[in-house]
Amino acid sequence: MADSVRAEAVKPFVVSVMGTTGTGKSSLVNALFGTNLKTDPVRPCTKEVQTVRIDGTGGGRMFFHDLPGIGEAGAVDEGYVAQYRAKLLESDVVLWAIHADSRSVTFDQHALDRVLGDDPQQRTALMSKVTFLLTKADLLTPAPWIYSKSGQAGMFAALPPTETLLREKERYFQEAFVQPHAADIVTSTHHDGTFDVHDPALTVDEHFVSHRGLLTFAAARALAARHPRHQDVFERLYDNNRVVSCSARLRFNLENLMAVIVGKLGPGAGVRFRKFTLHDALNTVPVAVARQFCNLVVLDGRGGEVLFDMAQQNLEVSR
Ligand SMILES: Nc1nc2c(ncn2[C@@H]2O[C@H](COP(=O)(O)OP(=O)(O)OP(=O)(O)O)[C@@H](O)[C@H]2O)c(=O)[nH]1
Ligand SMILES: [Mg+2]
């Protein structure tokens, strides 16, 4: 293997997470990678860029930058925005956290516009890296969440009305943040060497397929229906621009989020970060932890039988 190819193969990935203060950025990094970043229920907490190193397998490394809440690390002057922009430009993936319960988009839209800047090439580079997250999805609705228990652990799932609400929110935030910049977006993913679809929006080389503009859910589904052999490619292209809901507290949807991150990082990342993606642990919450939250109904994973209602605090956890 040529030195340059080898260097590329072991080059660490860089992921940044940003957003306004208190959207749960540090908590999310902790939930995804078992790190121990400081979090705070009241005050703006992360004041400077915190970088954690994540070791995968086979020499795979990732540096995860946890950025201070926008507007909290000092005056929001051009110098500060430029620093932010530089950090994002050196990142392979940027996660932009927005509180799922928020409907005010102006502050983040304005921040996004400033961070993207005026240079068309930089705007494309940045917009193509960003994935918007709706964090703290557990706070979205008082409808109970389902905790599906198996042994001494389980997973949280949203009830259908909450799922529907989340999908609507994801669409709304995609319209607010991604659609206005559709012309700036070029999204890429790897293919298996047999990709042979010709479409004006697609550019194909030996390893990668790129899509110019925003690939909507309907368009991705239509392409996948016409070319079922390449369904995985269209799914990954679509994932690159979708808005992802999650909850660090309930570990809700963390597996999907990790899949989106790894998919965006490229073909080498799946292998190097398999230890984070290949098992259910990302979404799993021990019963002892789940009991700290109330307003839960616990169903048996297989039969759907009600095991207990958290509101009835003294019921036995295990049968
Ligand atoms: N309900 C709920 N609370 C959460 C979740 N994630 C984080 N929190 C809480 O929200 C508060 C703020 O979380 P942080 O992780 O410190 O937020 P941050 O975005 O890093 O904040 P800054 O560092 O100030 O920018 C803490 O009390 C967390 O416990 C979540 O998914 N659900
Ligand atoms: Mg923080």
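This is a predicted model: local features need pLDDT of at least 70, side-chain atom pairs count only at pLDDT 80 or more; totals for chains, interfaces and linings use all residues.
Residues are numbered from 1 along each chain as its sequence is written, chains are lettered from A and ligands numbered from 1 in the order in which they are written, and side-chain values use heavy atoms, with hydrogens and water left out.

**Exercise 1. Strand E1**

Task: Find which strands pair with E1, and work out why E1 counts as largely enclosed.

Solution: 
- Step 1. Start with the terms: helices (H or I, at least four residues) and strands (E, at least two) are DSSP runs, numbered from the N terminus. Two strands pair if DSSP finds at least two bridges between them.
- Step 2. Strands of a sheet pair through backbone hydrogen bonds, either parallel or antiparallel.
- Step 3. E1 is joined to strand E3 (residues 61-66) by five bridges, and the two run parallel; here valine 14 faces phenylalanine 63 as its opposite residue in E3.
- Step 4. E1 also pairs with E4 in the parallel sense, again over five bridges, and valine 17 stands opposite leucine 95 in E4.
- Step 5. Now look at burial, where buried means under 20% relative accessible area, exposed over 50%, and partly exposed in between (1.4 Å probe, protein chains only). Seven of the seven residues of E1 (residues 13-19) are buried, so the strand is largely enclosed by the rest of the structure.
- Step 6. Both faces are covered: one has Phe13, Val15, Val17 and Gly19, the other Val14, Ser16 and Met18.

**Exercise 2. A hairpin and its neighbour**

Task: Trace the pairing of E7 with E6 and with E12.

Solution: 
- Step 1. Strand E6 (residues 145-150) and strand E7 (residues 153-157) run antiparallel and are joined by five bridges.
- Step 2. Two residues lie between E6 and E7 in this hairpin, and glycine 151 in the turn has a positive phi of about 65 degrees.
- Step 3. Isoleucine 146 is opposite alanine 157, while tyrosine 147 is opposite phenylalanine 156.
- Step 4. E7 also pairs with strand E12 (residues 284-286), antiparallel and over three bridges; glycine 154 has valine 285 as its bridge partner there.
- Step 5. Gly154 and Phe156 make up the covered face of E7, and Ala153, Met155 and Ala157 the uncovered one.

**Exercise 3. The faces of helix H6**

Task: Explain why the buried residues of H6 are said to line one face.

Solution: 
- Step 1. H6 (residues 160-178) has 19 residues and reaches 26 Å from its first C-alpha to its last, close to the 27 Å expected; that expected span is 1.5 Å times one less than the number of residues.
- Step 2. Its buried residues include Leu166, Phe173 and Phe177.
- Step 3. Seen down the axis, the buried residues of H6 fall within an arc of 165 degrees, so they line one face of the helix. The arc is that of the directions from the helix axis to the C-beta atoms.
- Step 4. On the face turned away from the buried side are the exposed residues Pro160, Pro161 and Arg171.

**Exercise 4. An aromatic pair**

Task: Classify the pair formed by tryptophan 96 and phenylalanine 132.

Solution: 
- Step 1. Rings of Phe, Tyr and Trp (its six-membered ring) pair if their centres lie within 6.5 Å; planes under 30 degrees apart count as stacked, over 60 as edge-to-face and the rest as tilted. The count by this rule is nine aromatic pairs.
- Step 2. The two ring centres are 5.9 Å apart and the planes are at 45 degrees, so the pair is tilted.
- Step 3. Tryptophan 96 lies in strand E4 (residues 93-99) and phenylalanine 132 in strand E5 (residues 130-135), so the pair ties together parts 36 residues apart in sequence.

**Exercise 5. Arginine 236**

Task: Decide whether arginine 236 is buried or exposed, and list its contacts.

Solution: 
- Step 1. Arginine 236 sits in helix H8.
- Step 2. Its relative accessible area is 18%, so arginine 236 is buried.
- Step 3. Leaving aside neighbours within four places in sequence, arginine 236 is in contact with Thr189 and His190, where contact means heavy atoms within 4.5 Å.
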